[in-house]
Amino acid sequence: DLLVGHYIEDDIVHPTFITEHPEMMSPLAKYHRDAPGLTERFELFVAGKEICNAYTELNNPFVQRERFIAQMQQKSDGDDEAQGHDEGFCRALEHALPPTAGWGCGVDRLAMFLSDQHNIKEVLLFPAMKPELGGRGIRDLDLGTADGVRALDDFLRVEGRLFLGGAKPTKLDADSYDAMCKAPEEDVAKCTNARAWFDMVGAFTSAVRKSWAAEKVEAASGAGADGGAATGGGK
């Protein structure tokens with residue numbers, strides 16, 4: 001999935017279908033009738049944005065149960081996107097499900113595409129998608145640990161920001177970069193958003209980072225309310 005996102009999805013301009021995903025990436029999609037190991041699934045991308053996701057529904061309860069078990073193993077190995085086991089769903093399939101196909105095309109995604117927005121919150125009437133920082137600000141995160149890096153990664157993914165304070169770099173970026181330099185390389189590499197921000201800030205010289213003036217930064221909280229300036233002593 002990371003390879004597809006890096007080498008294919010970001011470079012798509014014209015309407016393009018990505019088809020026949022591997023089974024390990026599509027636990028609910030039916031196995032391909034002609035190509036073992038693949039599924040009957042496609043995604044539509046336009047200008048680097050996913051517009052829809054569709055597939056033939058897996059209606060074999062025995063295979064579905066095996067897929068869930070494999071997903072649980074992947075989850076225990078550290079895959080945050082892996083699904084858990086849903087035995088109730090498997091039992092429902094045992095009562096039979098006729099050939100079925102699913103098509104997911106969100107109005108919010110279309111609105112993002114038509115209005116040239118890069119953050120889904122810009123098109124939601126009641127935006128409540130805030131990163132779960134437990135009421136803390138970015139300065140309260142211990143970015144030298146795996147948990148801190150993951151929390152920062154979630155913040156960047158949900159907020160869609162270039163820098164922590166918005167479109168311009170601030171002292172918060174410089175301080176957070178220094179703190180994240182202490183994090184294990186393998187933990188940083190697993191978090192694509194945090195890694196991209198870390199590499200971008202690191203491209204500036206130390207002198208330039210020190211020159212960034214302190215500015216007010218919106219503090220994200222788990223409650224979803226707008227916070228004040230993120231202040232306090234950083235590490």
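Arg-157 is partly exposed, at a relative accessible area of 48%. The model is predicted. Its partner in a salt bridge is Asp-154, with the closest N and O atoms 3.2 Å apart. Asp-154 is partly exposed too, at 32% relative accessible area. Both residues sit in helix α5 (residues 146-159). They are 3 residues apart, so about one helical turn separates them.

**Helix α5 against helix α8**

Arg-157 also takes part in a helix contact. Two packed helices are described by the angle between their axes and the distance between the axes. For α5 and helix α8 (residues 192-202), the axes come within 7 Å. They cross at roughly 90°. Angles of 65 to 115 degrees count as roughly perpendicular, and α5 and α8 are therefore roughly perpendicular to each other.

Which residues of α5 meet α8? Val-149, Leu-152, Asp-153, Leu-156 and Arg-157 do. On the α8 side, the contact is made by Thr-192, Asn-193, Ala-194 and Trp-197. By type, the residues of this contact divide into 5 nonpolar, 2 polar and 2 charged.

**Salt bridges**

Side chains of opposite charge can pair when their charged atoms come close. The structure holds 11 salt bridges. Three of them are listed here.

| Pair | N to O distance |
|---|---|
| Glu-50 and Arg-109 | 3.5 Å |
| Glu-94 and Arg-65 | 3.0 Å |
| Arg-157 and Asp-154 | 3.2 Å |

Take the bridge between Glu-50 and Arg-109. Glu-50 lies in strand β3 (residues 49-56), and Arg-109 lies in helix α4 (residues 107-114). The pair therefore ties together parts that are 59 residues apart in sequence. Are these two side chains buried, partly exposed or exposed? Glu-50 counts as partly exposed, at 23% relative accessibility. The cut-off for buried is under 20%. Arg-109 is partly exposed as well, with a relative accessible area of 36%.

Now the bridge between Glu-94 and Arg-65. This pair links distant parts of the chain, 29 residues apart. Glu-94 belongs to helix α3 (residues 87-94). Arg-65 belongs to helix α2 (residues 61-76). Glu-94 is partly exposed, with a relative accessible area of 46%.

Which residues join Glu-94 and Arg-65 in a network of salt bridges? Glu-87 and Arg-91 do.

How values were computed
Residues are numbered from 1 along each chain as its sequence is written. This is a predicted model: local features need pLDDT of at least 70, side-chain atom pairs count only at pLDDT 80 or more; totals for chains, interfaces and linings use all residues. Side-chain values use heavy atoms; hydrogens and water are left out. A salt bridge is a side-chain nitrogen of Lys or Arg within 4 Å of a carboxyl oxygen of Asp or Glu. Helices (H or I, at least four residues) and strands (E, at least two) are DSSP runs, numbered from the N terminus. Buried means under 20% relative accessible area, exposed over 50%, partly exposed in between (1.4 Å probe, protein chains only). Axes are lines fitted to C-alpha atoms, for helices over the stretch in contact, and angles run from 0 to 180 degrees between N-to-C directions. Angles under 35 degrees count as roughly parallel, over 145 as roughly antiparallel, 65 to 115 as roughly perpendicular and the rest as oblique. Contact means heavy atoms within 4.5 Å. Ala, Val, Leu, Ile, Met, Phe, Trp, Tyr, Cys and Pro count as nonpolar, Asp, Glu, Lys and Arg as charged, and the others, Gly among them, as polar.
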